[in-house]
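Here is a short briefing to read alongside the model on your screen. Keep the viewer open and follow along by residue number.

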Amino acid sequence: MTGVYVHIPFCIRKCPYCDFFSTRADEAEMEEYTRRLCDRISLCAKKYPRIADTLYFGGGTPAVLGEERLCRIYRAVSEGFGLAENAEVTLEVNPGKKDISFETLRKCGFNRVSIGLQSCNDNELRLLGRLHSSSDAVRCISSARAAGFENISLDLMIATPSQTGESLKRSIAFCAENGAEHISAYLLKIEEGTPYFAMKDSLGLCDDDEQAELYMLAVSTLDEYGYRQYEISNFSREGFESRHNLIYWHDEEYFGFGSAAHSFIDGRRRHYERSFESFYRDELIDDGEGGGEEEFIMLGLRLSEGISFEKYRQRFGRELPEKYRKRAERLVTPGFTVTDEKGIRLTKKGFLVSNAVIANLLE
């Protein structure tokens, strides 16, 4: 499997919690950025002949580019690398007063939409600095459905200011009632340098125990609605897992294009800095070798399937070292891991403290 990620660093307005590389949309800059992206994709495709199984447009808010520019970039990938017949092609969008033309995008070849809902409660959306309402979200979902999109993912945030267990359950019910095939539900993280970081003491944020309760509530409620947890923060109906994100977690190859985008090709990890200039000059930073044993374990343990002994043998040509099995077995009794003849995986309790558990396993 090979994926292609395209970073679109433009937004109408930056949310106060956001730490991704993005800036306000400017028509001239967006046109120049699109042209540079298409050129870079074409040149890279000549150097690395691959067929892409997934194509993902993330940001920022990729939809602000408009359907014409997005389709130009899609064609650059399709004509350069080539897209597999059943390729998953995802566009991130935010609900708004005016939707992008989903009909045009569907005809172009896009077949999956990831919508930044975050909450269905309008007071929570205001506190998050979001520009949409719950009714905007309903209209956005309906527009995508009418255009023929049969794979829609909704984003939810957990432990946001003013959120309660009941309001979180309402948001999950909203997703299910609107037919979402996939839900990403992740804990709010306060990043240094954001407006939320500067005002964190006045936001009335949850403590660690309250965050844990809300996370576990989300997991159990999503399960009740038929959404299977397949990764720490991702849930789906059967067959609707994000194939692009699975490429990351299975430690497989992907190309990243655009400012701040990362790549993993031919065993090496590289990235562009968080600036337009470095991308325009094609100044890729070499992060060194990737795909090693510890990286494979670390990424694989984010998944509900965990680390398969068979997949480890296929990847490295040997058995998983006994030291990892013994460390995992020590964490069975406190309820963080499960070990059996197939492999090692984290429990739902283990997912809550995954960084610590994985660090313990890798030591």
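This is a predicted model: local features need pLDDT of at least 70, side-chain atom pairs count only at pLDDT 80 or more; totals for chains, interfaces and linings use all residues.

The protein has 15 helices and 17 strands.

**The whole chain**

- Along the principal axes, the C-alpha atoms fill a box of roughly 60 × 50 × 40 Å.
- Buried residues make up 55% of the 363 in the protein.
- The accessible surface is about 16500 Å², and carbon and sulfur atoms account for 49% of that area.
- Counting contacts between residues at least 6 apart in sequence, 68% link residues that are at least 24 apart.

**Strand E1 and its two partners**

- How many residues of E1 are buried? Seven of its seven residues are, so to speak, under cover: the strand is mostly covered.
- Side chains of a regular strand alternate between the two faces of the sheet.
- In E1, Thr2, Val4, Val6 and Ile8 point one way, while Gly3, Tyr5 and His7 point the other way; all of them are buried.
- One partner of E1 (residues 2-8) is E4, paired in the parallel sense over six bridges.
- Another partner is strand E11 (residues 253-257), which runs parallel to E1 and is joined to it by five bridges.
- Tyrosine 5 is a handy landmark to click on: it stands opposite tyrosine 56 in E4 and opposite glycine 256 in E11.
- Histidine 7 stands opposite glycine 58 in E4.

**Strand E4 and the step to E5**

- Why is E4 described as largely enclosed by the rest of the structure? Eight of the eight residues in this strand (residues 52-59) are buried, and that is the reason.
- E4 also pairs with strand E5 (residues 83-93), in parallel, through five bridges.
- Within that pairing, leucine 55 has valine 89 of E5 as its bridge partner.
- From E4 the chain passes through helix H2 (residues 67-80) to reach E5, and this β-α-β crossover is right-handed.

**Alanine 84, in E5**

- Alanine 84 lies in strand E5.
- Its relative accessibility is 16%, and because buried means under 20%, alanine 84 counts as buried.
- Leaving out residues up to four places away in sequence, alanine 84 touches Ile51, Ala52 and Asp53.
- Alanine 84 and isoleucine 51 are 33 residues apart along the chain, yet their C-alpha atoms are separated by 6.1 Å.

**Serine 236, in E10**

- Serine 236 sits in strand E10 (residues 234-236).
- With a relative accessibility of 1%, serine 236 counts as buried.
- Which residues does serine 236 touch, beyond those up to four places away in sequence? They are Glu181, His182, Gly226, Tyr227, Arg228, Tyr230 and Glu241.

- Three strands form an open sheet in the order E15-E17-E16, with antiparallel pairing.
- Strand E15 (307-308) and E16 are the edge strands, each pairing on one side only.
- E16 and E17 run antiparallel and are joined by three bridges.
- Threonine 339 has isoleucine 344 in E17 as its bridge partner.

**Helix H15 and the residue after it**

- The buried residues in helix H15 (residues 354-362) include Ser354, Val357, Ile358, Leu361 and Leu362.
- These residues cover an arc of only 130° around the axis, so they lie on the same side of H15.
- Asn355 and Ala356 are exposed, on the other side of H15.
- Cover for the buried residues of H15 includes helix H11 (293-300), helix H13 (322-330) and helix H14 (348-352), along with strand E16 (337-339) and strand E17 (343-346).
- Just after H15, glutamate 363 takes a positive phi of about 45°.

Technical notes
Residues are numbered from 1 along each chain as its sequence is written. Side-chain values use heavy atoms; hydrogens and water are left out. Buried means under 20% relative accessible area, exposed over 50%, partly exposed in between (1.4 Å probe, protein chains only). Helices (H or I, at least four residues) and strands (E, at least two) are DSSP runs, numbered from the N terminus. Two strands pair if DSSP finds at least two bridges between them. A crossover is right-handed if, with the strands pointing away from the viewer, the path from the first strand over the helix to the second runs clockwise. The arc is that of the directions from the helix axis to the C-beta atoms. Contact means heavy atoms within 4.5 Å. Accessible areas come from the Shrake-Rupley method with a 1.4 Å probe; for residues, only the protein chains shown count as cover.
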